Amino acid sequence: MLTKEDLYTIEELAKEKRRVLELGMGPLGDNLFKVIRTLGIQLIQIPFLNEGEESDNPLAALYLSSKEDDGYSICYIGLNTTDFWDKQIFALAHELYHHFESSDPFVLCRGLDHSSDIRELKANRFAAEFLLPTEKLVHEVKEKNKGNQDLKGWTTNALLRLIAEIHCDYRLPFKAIVRRLQEVGAISKTVLEDLLKIDARDHEGIYYALGSNINSKAFQQLNTKTNLFGVEGENLGKLIENYEEGKVSLSELSDDLNLFGKSLEDYKLMEEADLDDDDDLALLFKEEED
């Protein structure tokens, strides 16, 4: 559904953001979390429960931008950690497109593999391009294929080994890599369809065996559901900064910290509270007693 103009615009956007963020054109993978911090986005990791393990419309992530009365904006990404690690990375890159391009303050992303929404398709393409730039993918193919971009004649086993190497290096999910290979003309539509029939998560399958032997540690991590809950320490620090700058009250800060299993005492804020916060503290203690 994306036009050639759409594809060109997205590719240029991904290049521009990599250049501005000084990321170069190499593998990004796990460093995407550092990018999120650099952009000042608050990452919240939550194990959302989807309707059944085989749901066709699982919640992958959400993006929220909140603008305060004083013009101060806070951006959040909520990441579903019940998904596999490689899909979490892809979902983060997907949400970055909404951060860069969307005027909508709230975007809920479901079923990234099957979405037909034009905005979601653009975000998916950006994620794939941002994590694995076209020129780098073409280089990887040509390097393995004696300078040729077309992988015609390669056996399924050879294709799967190449995909597994890219999977471990660039952290894209299996299906995303297969689609990228077809997008750059390395494989035909028929080969694409055949590869997409493979269950890349099957521990007894050929792809899982190949990936585990290429880079066991990285491959196992990418195929793990983390189920993490909480935020990074730096982001919790931002909540405290908001209180110190008068953007939120002490009781509001306490509520926010409680969401992530933390308390005011963890940050010694009970001892340092100003006398001006007496009313706030009284209300806080009253709520705890209730």
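# Aromatic rings and helix packing in a predicted model

Arg201 lies over the face of Phe84, 4.0 Å from the ring centre; a charge is said to sit over a ring if NZ of Lys or CZ of Arg is within 6 Å of the ring centre and within 35 degrees of the ring normal. The structure is a predicted model, in which local features need pLDDT of at least 70 and side-chain atom pairs count only at pLDDT 80 or more, while totals for chains, interfaces and linings use all residues. Residues are numbered from 1 along each chain as its sequence is written, and side-chain values use heavy atoms, with hydrogens and water left out.

The charged end of Lys17 is likewise placed over a ring, that of Phe100, at 4.4 Å from its centre.

A search of the whole structure finds seven aromatic pairs. Rings of Phe, Tyr and Trp (its six-membered ring) pair if their centres lie within 6.5 Å; planes under 30 degrees apart count as stacked, over 60 as edge-to-face and the rest as tilted. Two of the pairs are set out below.

| Pair | Distance between centres | Angle between planes | Class |
|---|---|---|---|
| Phe126 and Phe130 | 5.3 Å | 15° | stacked |
| Tyr207 and Phe219 | 5.7 Å | 65° | edge-to-face |

Phe126 and Phe130 are four residues apart in helix H4 (residues 118-131), so about one helical turn separates them. Helices (H or I, at least four residues) are DSSP runs, numbered from the N terminus. An α-helix has 3.6 residues a turn, so residues three or four places apart point the same way. Phe126 is buried, with a relative accessible area of 0%, and Phe130 is buried with a value of 0%; buried means under 20% relative accessible area, exposed over 50% and partly exposed in between (1.4 Å probe, protein chains only). Together with Tyr97 and Phe100, these two residues form one aromatic cluster.

Tyr207 belongs to helix H9 (residues 206-214) and Phe219 to helix H10 (residues 216-222), so their pair ties together parts twelve residues apart in sequence. Both Tyr207 and Phe219 are buried.

How do helices H3 and H4 cross, and at what angle? The axes of H3 (residues 85-101) and H4 come within 8 Å and cross at roughly 115°; axes are lines fitted to C-alpha atoms, for helices over the stretch in contact, and angles run from 0 to 180 degrees between N-to-C directions. Among the residues that meet are Tyr97 and Phe100 in H3, and Phe126 and Phe130 in H4, where contact means heavy atoms within 4.5 Å. The residues of this contact divide into twelve nonpolar, three polar and three charged. Here Ala, Val, Leu, Ile, Met, Phe, Trp, Tyr, Cys and Pro count as nonpolar, Asp, Glu, Lys and Arg as charged, and the others, Gly among them, as polar.

Helix H3 also holds Asp86, which is buried with a relative accessible area of 0%. Not counting residues up to four places away in sequence, Asp86 touches His167, Arg171, Leu172, Pro173, Arg201 and Leu222.

Ala200 is placed in the loop between helix H8 (189-196) and H9, and at 10% relative accessibility it counts as buried. Leaving aside neighbours within four places in sequence, Ala200 is in contact with Phe174, Tyr207, Tyr208 and Asn223.

Phe174 is one of the buried residues of helix H7 (residues 174-183). The buried residues of H7 pack against H3, H4, helix H5 (134-144), helix H6 (156-170), H8 and H9.

How values were computed
Helix = DSSP H or I, 4+ residues; strand = E, 2+ residues; numbered from the N terminus.
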